[in-house]
Amino acid sequence: MLNEWVNDFRFRASYTTIGNSNIGYASAKGTTNNDYPYMDTYDAVKYGDLTASRWNNMGNNNLKWETTETFDLGIDGSLFNSRLNFEFAYWQKESKDLVMQVLTSPALGLPYNAYFANVGKVKNSDIELSLNGQIISNKDFSWSADLNFSTTSNTVKQLNNGNDIFPDTYTIVREGESFRSIYGYEFYGINQTNGNPIWYKADGTLVQYDIDKAGYVVYKEDNPSDTSEASTLSTSDRKILGNSIPKWYGGFNNTFTYKDFDLNLFFRFSGGNKVANVTRQTGLLNMKFANKGEEVLGRWQSPENPGDGSTPKLAYNRAAGLFNDGYADSRYVENGSFLKLSNITLGYTVPKQVLSKLDISRIRVYMQVQNVFTITGYKGLDPESRSTTTDYGIGVDYNSIPQQRIFTFGANVTF
């Protein structure tokens, strides 16, 4: 009985170790220029009217290639006369001896008080499921589909002496956390009596930004109108606000045919990650005489008209205090999950009897639309957008450009 519907069933496993020689100065710093560390060992400078050189980068004779160990285990098979095929796999990838900067005491006199060494380790693991098959197949109509789904886990296992790394002011690289997690201030709400924004401090207490005094004061839940006790909101009050790397993602591809017509629909989905909507935070709520987002209409105006509970009262040029401009704030850290119809293609193949007199084997005309629509709760232009400036990496959307919707018309001709 089993052999009647199981056509193929296999187990597979593999293990490999791969070295990475791309360990130059630029890679360790996270930039894209100058990937040869010895080029920066010395640098040309001017000494008065004379040309001189200076020591610019400390060497390290123990520096070696980064190493990635990969292990995977999977099951492949086909069912029902090979109409349904499946793959299930688990893989684990650990990258070690990552090249990173090691900070040193200024008393050593090293250039930039740092040198490069193999001190980092990152672990990734993933579960992948893939299904494809012929769902319907008859004389005039057919439907084939492919579905793939993956979960991913990313953890920073080791850094230099456990020290945090701040690639920018919105993300952090920390041991035990996902790479470049969103890192910032946790927002509590708006003081309904005066319109001041309120945040949590690291110890769990509350602090508000007094708009009238342009400074931080203690927020007292039992007496919200009292702004007499000074306080602070410092970088040490920041916390992890979410992963910038998706925890799951996949795609669903469908191909339909009806007589001489064919239709393809391709969906993509992703989720479990957060995006710092810096455009919304900095560009549209900057408290200057400039264009604003419609969100400002929900501002606090009075105790009787408290607004949306998230937007404080207006105060010219106070973005740093009101919105933590320049740092991640949980008000503007949004869910990056989405479902996209990435592609629609509709085609028509001209019947052979029409082509027989033209000495042409096949003509197929088609029209295609890419990036058709996106379903998401993200308030920015596109949850997949990346910032146009190189100052920010994954998880930060600042003045980014969304993917374009592209219309294509064409024909495939075979002579």
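Reader: Which residues form the nonpolar patch on the surface, and what is their accessible area together?

Author: Patches are made of residues with over 30% relative accessible area and no salt bridge, and nonpolar side chains are joined within 5 Å. In this predicted model, such a patch is formed by Tyr15, Phe71, Leu73, Phe88, Tyr90, Ile127, Leu129, Leu131, Leu147, Phe149, Trp248 and Phe252. Together their accessible area is about 1000 Å².

Reader: Which strand supplies the largest share of the nonpolar patch?

Author: Strands E4 (66-79), E5 (84-103), E6 (114-137), E7 (141-158) and E15 (248-258) each contribute at least two residues to the patch. The largest share amounts to three residues, and its source is E6.

Reader: Is phenylalanine 88 buried, partly exposed or exposed?

Author: Phenylalanine 88 lies in strand E5. Buried means under 20% relative accessible area and exposed means over 50%. The relative accessible area of phenylalanine 88 is 39%, so this residue is partly exposed.

Reader: Which residue of E3 stands opposite valine 45?

Author: Six bridges join E2 to strand E3 (residues 50-55), and the two run antiparallel. They form a hairpin with two residues between them, where glycine 48 in the turn has a positive phi of about 65°. Opposite valine 45 stands alanine 52.

Notes: Residues numbered from 1 in each chain as written. Predicted model: local features only at pLDDT ≥ 70, side-chain atom pairs only at ≥ 80, totals over all residues. Heavy atoms only, no water. Pairing = 2+ DSSP bridges. Helix = DSSP H or I, 4+ residues; strand = E, 2+ residues; numbered from the N terminus. Patch = residues over 30% accessible without salt bridge, like charges linked within 9 Å, V, L, I, M, F, W, Y side chains within 5 Å. Areas by Shrake-Rupley, 256 points an atom, 1.4 Å probe, with all protein chains shown as cover. Salt bridge = Lys/Arg side-chain N within 4 Å of Asp/Glu carboxyl O. Buried < 20%, exposed > 50% of the residue type's maximum accessible area, 1.4 Å probe, protein only.
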